[in-house]
Structures are given as C-alpha cells and as structure tokens.
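Please look over the structure shown here before reading the briefing below. The points are grouped by topic so that each can be checked against the coordinates in turn.

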Amino acid sequence: MTSYLQIQDLHVSVEGKQILKGLDLNIQQGEIHALMGPNGSGKSTLANTLMGHPRYMIEKGNILLNGESLLDLSADKRARKGLFLAFQYPVTVSGLSVSSFLRNAYNAVRQNGQGEKKKPPSYLEFKRVLNEKLKLLEMDETFINRYLNEGFSGGEKKRAEILQLAMLKPSIAILDETDSGLDIDALRVVADGINKLAGKELGIAIITHYQRILRYIQPHHVHVMVDGRIVRSGGSELARDLEEKGYGWIKENK
Amino acid sequence: MAIREILSDDSSKYDFKDSTDTYVYRGKKGLSIEIVEEISRRKNEPEWLTKFRLQSYAHFLKRPMPNWGGNLSRVDFDEIYYYAKPSDKAEKTWEEVPENIRNTFDRLGIPEAEKKFLAGVGAQYESEVVYHSLAKDLEEKGVLFLDPDTALREHPDIFRKYFATIIPPEDNKFAALNSAVFSGGSFIYVPKGVKVEMPLQAYFRINAQNIGQFERTLIIADEGSEVHYIEGCTAPVYSSESLHSAVVELIAMKGAHLRYTTIQNWSKDVYNLVTKRAYAYENANVEWIDANIGSSLTMKYPSIYLLGRGAKAETISVAYAGRGQHQDAGAKMVHLAPDTTSRITSKSVSKDGGRTSYRGQLHVGKGASNVKSYVRCDALLLDEESKTDTYPYIEVGEDSATITHEATVGKIGEDQIFYLMSRGLTEVDAFNMIVMGFLEPFTKELPMVYAVEMNRLLQLEMEGAIG
Ligand SMILES: Nc1ncnc2c1ncn2[C@@H]1O[C@H](COP(=O)(O)OP(=O)(O)O)[C@@H](O)[C@H]1O
Ligand SMILES: [Mg+2]
C-alpha cells in the first residue's frame, strides 16, 4: 500500500496569531515535493503542526495519513505511523549520546502503538543498520558517541537529522530548511544523502527558502507558499522561475 | 543480573522486614551514659576507646542542634535504639550468617554481585557487620578489609594511629554522636603500591523500626596504592524516623588514588546526617562519587583537605528530592598546599515539591599557590512546586588561585520533549532520557552495572513525573 499525507484547508494559530490560513497539500510515498516561500510565510509552522507540536493550535482543517486523521495523536504516535520531521533548529540534549538516542528511537518506531510490544531488535542488529547508514551518509563512526546536537556545527546538526531519517525509515518526511546554514560541500553531502534515501519507499517535502538545494535534488512538484497559503504549484520549472524572478513576482501574479 | 537487586528495579524490593526476635542483643531506646558504656563493654573495648566514647557523648550533649541545613526538629534522640546486634560475629562465609539475615542480603543480590565483580564485601545489618570477605590475593598482599571491631582487635596500632584523626568528635554534633555510639562500618588498609583492581563494597541495611545506624569507616591508602570503595544502603519503610549518622575518614598518602562511591537509597523516613572527610597528601588523588536518592533529610558535605603539593580532589554528586524530601548536600575543598587542584560537579533534580540544596565551601589557604578549582552546580526542577538553592562559600587567601564557579537552574523544555517524541519516544521516555542525560556526568563515573541500575532506580522514582 502506498502511504499518503493529506493536508486539508489547514488553519493554524500560534499564541493567538493566525499563521496558516487555509493550506492544502497532498504528498505520496515516492514523491519529492519542494515547498518554497519567503521567511515568515509559515513553512516551519506547517512542519511543526504536521508533527503535532502542542504549541500550534489547529483552528480548522485536517491532516490525514492514509486516510486517518492525525489531529488527536501526539508526536510519538505520529512518528510510529511513519511521519518524520527533520527540524530547522534541532535542540540539544546534553548527556544523551546519539547512539543511545537512536537505539531508543529505532525501537520505539517499531512499536505501532496498540496492543502488545514487539520484541526490539538486538543490539547487534541495530548496530549493523547504524553502521550501514553512517557509511551511506559518509559520517564518522565516532559521531554517535557525541551528545545529541551538543556542540554540533550547523552541518553536523543537519546530517544528524538525515541520519535519524535514515534509521527510522518513515514513509513521509518533512525536511525543514535542511539546506540552510550549510556551506557548499556540506550541502552536497546532505543532498547526496537525501537522494540515496529517496525512492519508492519515501515521500519527501523539502522546505526551503532558497532553491539552491534543488540543484542537487530533483523535485517532482514545487509549491510556493506566501502568507500561510500555497499560492502556486507546478513542476520543477517553477523553482527556476523563482530563482530568476524572486517571490515578488509570485506575489504580484497571484 | 545481581546488581539489579542492589539498586533494584522495583523500589518495593527494599521494603521488607525481618523479625527482631532472633537478635542477639538490643538495648533500650534512648541514649545515656549506660548505653554508651554497654556498647563499649559488649565490644570488649580497651579503656582508651571507652573513654573516647564517653567524652564524645559529653560533647554531644553540650553541642546544640545545628540551626542551618535541613529541619531537624523531628529528630527525637530518645526514640531511637542506639545498638542492636543481630548476630554473634562477622562471618566469612554466607552459610554461617543467620538464615533470615542471609536471605535479606540474598534478596538484595549481594552474594551474587560479590561472585561477579567485587574484590571484597562487608554487609552490615543494624549495628553490626554480619559478613565480611576479601579476595585471597589481596589478603596475601596485606590488604585489610575488616569491620572496626576486628581491626581494633587484630591491628590495634594502626587503628589507633589514624582513628578520629581526620574527624574528631568535636567536629559537629553528629560526629560526636557517632563517636559515642559507633558500631560497624569498614576499616581498610591498602599497603604501599598495592592496586586493588576491583571495587570493595559495603552494604548497609537498617531492618527494624527506630533504629539508629552509626557506622564508622576508616580507609588508609598507603603511598602509591589504589582502591575503589562502594557503599550502598537501604531500609524498609516505616512511619517513624530512623537515624543514620556515619563518620567516614579517608587518608590518601603520597601518590595514592582513593575513590569512594556512595549510592544512598534509604527509605524516606531516614534522617541521613553524615560526616565525610579525606586527607590527600602529595600527588594523591581523592574522589567522592556521591548519589543521594533516598532519605527524608540528608545533610552531607564530603570534604577533601589537599595537604600535599600536587594533590587532586574531585567530588561528583547527584541529589534527587521527591515529595517530602530535602537533600542538603554539597562538597568542601580545602587547599592547604601549592599546585593542588579540585573540581566539584553537583547535579540535582527536584520533583513534587522536593527540595535540593547545594552547600559548598572552597578554601584556599595562605601559601597554597597555583591552586585551580572548578565548581559546577546544575539543578533541574521538574515542576513548579519543587525548589533548589545554592550556598557557595569561597575563601581565597592566595592571589595565584584560579577559581571558576558556574551554576545553572533549568527546567525541561517543551521543545526538547517534542523533539524526542517526534522520534517515536513516549512523553515519559523522552522525559526520562533528558533527566538521565542531565545526570550523565555522574553516572558515567559508576561501574557499568551500577550506572544502568541507578538509571532504572531514578526512572522509578520519577514515575508520574508528568501530570
Ligand atoms: N512559536 C511561535 N510563537 C510566536 N510566533 C511564531 C512562532 N512560530 C512562528 N511564529 C510566527 O509565525 C510566522 C511564520 O513563521 P515560520 O512558520 O517560522 O515561517 P518560515 O518557516 O516560513 O520562515 C512568523 O511571523 C513567526 O514570527
Ligand atoms: Mg522556518
């Protein structure tokens, strides 16, 4: 069965301020979407809302995964249903090693919620998968001994997010500004990593306000978001037009 | 896994009681000259020690209750049994230990842990040590690991030479009390250059209601030697107070390395008022690794006197205070020699109205040049009701000292929880992982099995941390 995420007429406010004002978007497993828009247009708000951050209030609309509404589910349950968010600003958890965190998360997403607990994979099995993913992302093995995001450079944080994506194998992943703050070499490595993970099994929404990551990753669909709504959708040519003409052009032509 | 029972993944595991009918002796409640004399007489002590006890008792009576630290108003010295002797002597095999007591330590997992990774074990039940063992090879190298009575009998010179030289009875009211009625504890001597590779462990168990436990520990690490001592303690739950008041004296001679680890998990009706102090001579290294999880009130400030050039001192502590608990803990570093360094790391977690206090003292004496000292206290408050405070006292008599003091108070952020939950972890797991991470600078110092089980224990304590 192909997984699909449906966002329907989504209205969201934060601390009384309305940010998303009727947003519709469908993402299927196997597709790559690019969601572009100027700073402050509500991209991170959308990402956090999809994942179930308690600070974001849904005023209207619905979010469905495989036809089932996610609105009443906490973030951990959404994750176990196959949703993933790579954060724009991943937080630090001091004293928690990347490996111990990943081990717990790896086991957790294998518990599908209801009923009996599945037996977690053995440590050796976990370690084997982890080493494979580290290699795939050209990451050093010692990386996993560090504390989660503590003292990580911008590039390391983004790579750690992609490593988590690789380990947890969601069906739909939202990547919030995974390209920002990266120099060109780091960008290439991260983009390579995403390309290696993309495929039939994974639906991706790449959120970005530049198009530069799209030189490395070919999206099937491009959406432009302005002021809490998607104002235009198209193929990858839309990204190119945006690069030439800027967001002003879209705003004038909406 | 044996050590699981030491720390237990089920807190009710500590909460079982044995009958006191089989005790060899239990004195009357309350404290008097007669009781002090009776303890000394039953132990067949030499006259100097009887006198020492009586003088200590006199000092205890004179000395007012401390009016700082925690609330001591509910400590009733008349309601406590000062001496209870459960068996005839400290046995060398578990088979010889009376059956009900042996069962207790079995349930706590001690004999099993001993087989697996300890070089020696002392097990104290109420006032007396009921079991003592030491690996053969260490015995042959001249290592002594004994209860104080045996040490005094078999090695009177060395015992008397060091006993009460680090903490005299006049030090404080509870040191005086301990000096008057002390019974049980450990005596360790590690000869020059001997390295004790595996830890020596002492386990302290209070069984009956209103028992006072007053063990006395003296560890002498001779030049260039190394030893790691671990103590654990538990008691069943009663509705009235028990008192635990130990005195621990450590001596690390030139170049010795002495580590003392405590995992204190008394039930929540025990007053834990302990004096711990170490002397570190030239290039010696002393470490207190101290976890306070149980007790109603703990007042404990392990201190290290850096007496020789190049000595190093470290205290790493964790305090956890839940409902009705006050952990008033800290550390004291006294630099009296040049080129000495000290480091204090204090981590505390308060929950459900629990209170943690860090009380620390840093002293750099005149002539102690080039001292380096680093103090770091981090407190984590798990809810609005809970409290934490710090009382750092710093006296520096030398300009060349480099002193760093950092303190933080934190709460667990919504964004941290959300981040971990977005990876499939439940809210409780996310919460626990953040707290365990916070305590990691401590747990990483513990032998692996202890670290795992300490985390388990803390997770149990924190159950229901989320409203
Ligand atoms: N937690 C928050 N509290 C208050 N305002 C917020 C919060 N998150 C986002 N906003 C506001 O919502 C708007 C959209 O922000 P965001 O979703 O981060 O946009 P983008 O990711 O597209 O840059 C901005 O005006 C921002 O200030
Ligand atoms: Mg953003």
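The following briefing covers strands, a metal site, aromatic and charged side chains, and a few individual residues.

This is a predicted model, and every value given here was computed from it. In chain A, an open sheet of four strands has the order β2-β1-β4-β5, with antiparallel pairing, and a magnesium ion (ligand 2) is coordinated by S44(A) and Q88(A). Over all chains, the structure holds 28 aromatic pairs.

**Sheet and helix in chain A**

- The open sheet of four strands, with the order β2-β1-β4-β5 in chain A and antiparallel pairing, has as its edge strands β2 (17–28) and β5 (68–69), each of which pairs on one side only.
- The antiparallel pairing of strand β4 (residues 56–65) of chain A with β5(A) runs over two bridges, and L64(A) has S69(A) as its bridge partner in β5(A).
- Helix α1 (residues 43–51) of chain A lies across β1 (4–14), β2 and β4 of chain A, and the helix runs at about 115° to β1(A).

**Magnesium site in chain A**

- S44(A) lies in helix α1 of chain A, whereas Q88(A) lies in the loop between β6 (83–86) and β7 (93–97) of chain A, so the pair ties together parts that are 44 residues apart in sequence.
- With a relative accessibility of 23%, S44(A) counts as partly exposed, while Q88(A), at 16%, counts as buried.

**Parallel strands in chain B**

- Strand β15 (residues 285–292) of chain B is mostly covered, in that seven of its eight residues are buried.
- Strand β13 (residues 257–264) of chain B pairs with β15(B) in the parallel sense over eight bridges, and the bridge partner of Q264(B) in β15(B) is N292(B).
- β15(B) also pairs in the parallel sense, over eight bridges, with strand β18 (residues 312–321) of chain B, where N292(B) has A319(B) as its bridge partner.

**Aromatic pairs and cluster in chain B**

- Among the 28 aromatic pairs over all chains, the one formed by Y23(B) and Y125(B) is edge-to-face, with 6.4 Å centre to centre and 80° between the planes.
- Y23(B) lies in the loop between α1 (2–7) and β1 (25–26) of chain B and Y125(B) in strand β3 (residues 120–125) of chain B, so this pair ties together parts that are 102 residues apart in sequence; both Y23(B) and Y125(B) are buried.
- The rings of W68(B) and Y301(B) have centres 5.7 Å apart and planes at 40°, so this pair is tilted.
- W68(B) counts as partly exposed at 40% relative accessibility, whereas Y301(B) counts as buried at 18%.
- One aromatic cluster is formed by Y23(B), W94(B), F105(B), Y125(B), Y131(B) and Y203(B).

**Charges over rings in chain B**

- The charged end of R205(B) sits over the ring of F16(B), at 4.5 Å from the ring centre.
- In the case of K347(B), the charged end sits over the ring of F438(B), at 4.4 Å from the ring centre.

**Individual residues in chain B**

- E231(B), found in strand β10 (residues 226–234) of chain B, is buried, with a relative accessible area of 5%.
- Leaving aside neighbours within four places in sequence, the contacts of E231(B) include E215(B), Y260(B) and K276(B).
- N44(B), in the loop between α2 (33–42) and α3 of chain B, has a phi near 55°, a positive value in a residue other than glycine, and N44(B) is exposed, with a relative accessible area of 70%.
- N210(B), which is not a glycine either, has a positive phi of about 60°; N210(B) is placed in the loop between β7 (200–205) and β8 (212–213) of chain B and counts as buried at 10% relative accessibility.

Notes: Residues numbered from 1 in each chain as written. Chains lettered and ligands numbered in written order. Heavy atoms only, no water. Pairing = 2+ DSSP bridges. Contact = heavy atoms within 4.5 Å. Axes fitted to C-alpha atoms, helices over the stretch in contact; angles between N-to-C directions. Phe/Tyr/Trp six-rings, centres within 6.5 Å; stacked < 30°, edge-to-face > 60°. Buried < 20%, exposed > 50% of the residue type's maximum accessible area, 1.4 Å probe, protein only. Lys NZ or Arg CZ within 6 Å of the ring centre and 35° of its normal. Donors = N, O, S within 2.8 Å, 3.2 Å for Na, K, Ca; no water.
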